[in-house]
Amino acid sequence: MRIVRGDASDRPTTQACFEAVRAAGEADDPFGPPWSLQRLRGWLEYPTDPAEIWIWHDEATGAVAGWYYLILPERENRDRAYLYLTVRPSSRRRGIGTALLRHAAGRSADAGRSVLGSGAFQGSAGAAFATRVGATAGLVEARRVQVLGKIPAGRVAQLREQAARAAAGYSLVSWDGRTPEEYLARYAEVENAMGDAPHDVGEEHSVWDADRVREQIDDARERAGRHMYTLAALHDASGAMAAVTAVETDPDNPAWGHQQITAVTRLHRGHRLGLLVKTAMLDWLAEAEPQLERIVTGNAAVNQHMISINEELGYELLEPLSQSYEVAVADLVG
């Protein structure tokens, strides 16, 4: 069967891709958050970098047996392409994944990329596949989930009070949706603080300014229909934005929230600001999203500082862990 290009704006196409992803998720990540059609469509239809969808259809049924999404960064990491490849469990071990991978490598080579990056759950068919094709394993990410109903009564208030005492001289601000204009540049500086977070060797962190926040965060989320709650700590004396946390809700699965950024700028670390913004976010979500039951987050397994904050808040390890992989494009083409 020929590999054909998919149209991200075509609803039947994205529905079929979603069904393949959901089937793979049920096999590889049975305890993780359920896949959301709306979130997948937003990701595919409104990429922040050039991206392509390619599909392998089952010859007998016409269903999507496998497909991939290839992202070609335009600013940082221009030597790389990022691949998200899915094969439906019932279609595995038939060479479909290998064919899609080699096709993606060809597309990456055509775009001038020398490294193909991806990821897989540890112990999954995807991890075994990555090993078979000679990919190099990279950073391990540990997911954790916070079950809100298991948090002891008064625990969040207690932690918030402790953090507030350590964070004297800081004030909290929040916004639902787009970043207010007066905060764009300051928010960009907090995104830039993620530059010292653990990352794979050779991978460049994004460099942010106000325009990029507006275009690649606010505009992209608005087009995709994504709903974000953001809360920040401002330094009273300077007005600098010192810390940010954000949680995205999922209209398809309203019991689940997805933690996005949590970061503290280097100059303002040591004041328990990470704990302060996360506890304040929990208080806000309790009022704004009463149907929320779980929040899932992910951190590099070596990021012990953020992991310790999450464990204070009752987050529990959610297995399987995931791992990044990369392979030289030249090893897959030719």
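Reply: Two strands pair if DSSP finds at least two bridges between them. The model is predicted. With that cut-off, strand 8 and strand 9 (residues 241-249) pair in the antiparallel sense over 8 bridges.

Me: Which residue in the turn between strand 8 and strand 9 has a positive phi?
Reply: Strand 8 and strand 9 form a hairpin, with 5 residues between them. The turn residue with a positive phi, about 80°, is Gly239.

Me: How many residues of strand 8 are buried?
Reply: Buried means under 20% relative accessible area. Strand 8 (residues 227-235) is largely enclosed by the rest of the structure, because the residues that count as buried number 7 of the 9.

Me: Which residue of strand 8 is the bridge partner of Leu172?
Reply: Strand 7 (residues 170-176) and strand 8 run antiparallel and are joined by 7 bridges. In strand 8, the partner of Leu172 is Ala233.

Me: In what order do the 12 strands of the open sheet stand?
Reply: The pairing in this open sheet is mixed. From one strand to the next, the twist averages 25°. The order is 1-2-3-4-5-12-6-11-10-9-8-7.

Me: Which strands stand at the edges of the sheet?
Reply: In the order 1-2-3-4-5-12-6-11-10-9-8-7, an edge strand has a single partner strand, so one side of it is left without a neighbour in the sheet. The strands in that position are strand 1 and strand 7.

Me: Which residue is the bridge partner of Gly6 in strand 2?
Reply: Strand 1 (residues 4-6) pairs with strand 2 in the antiparallel sense over 3 bridges. Strand 2 (residues 51-57) is mostly covered, with 5 of its 7 residues buried. The partner of Gly6 is Ile53.

Me: How many residues lie between strand 2 and strand 3 in their hairpin?
Reply: Strand 2 and strand 3 (residues 64-71) run antiparallel and are joined by 7 bridges. His57 stands opposite Val64 in strand 3. In the turn, Gly62 has a positive phi of about 80°. The number of residues between the two strands is 6.

Me: Which residue of strand 12 is the bridge partner of Ser118?
Reply: Strand 5 (residues 115-121) and strand 12 (residues 316-328) run antiparallel, joined by 7 bridges. The partner of Ser118 in strand 12 is Tyr325.

Me: At what angle does helix 8 run to strand 8?
Reply: Helix 8 (residues 273-288) lies across several strands, including strand 6 (136-147), strand 10 (256-264) and strand 11 (294-300). Strand 8 is also one of those it lies across, and the angle to strand 8 is about 140°.

Me: Is Ser108 buried or exposed?
Reply: Ser108 is in helix 3 (residues 96-110). Not counting residues up to four places away in sequence, Ser108 touches Leu70, Ala81, Arg113, Leu116 and Val329. A polar atom of the Ser108 side chain lies 2.8 Å from the backbone oxygen of Ala104. Because its relative accessible area is 0%, Ser108 is buried.

Me: What distance separates the C-alpha atoms of Asn303 and Val213?
Reply: Asn303 lies in the loop between strand 11 and helix 9 (304-312). With 22% relative accessibility, Asn303 counts as partly exposed. Asn303 and Val213 are 90 residues apart along the chain, and their C-alpha atoms are separated by 25 Å.

Technical notes
Residues numbered from 1 in each chain as written. Predicted model: local features only at pLDDT ≥ 70, side-chain atom pairs only at ≥ 80, totals over all residues. Heavy atoms only, no water. Buried < 20%, exposed > 50% of the residue type's maximum accessible area, 1.4 Å probe, protein only. Helix = DSSP H or I, 4+ residues; strand = E, 2+ residues; numbered from the N terminus. Polar contact = N/O pair within 3.5 Å; in protein donor to acceptor, adjacent residues only side chain to side chain. Contact = heavy atoms within 4.5 Å. Axes fitted to C-alpha atoms, helices over the stretch in contact; angles between N-to-C directions.
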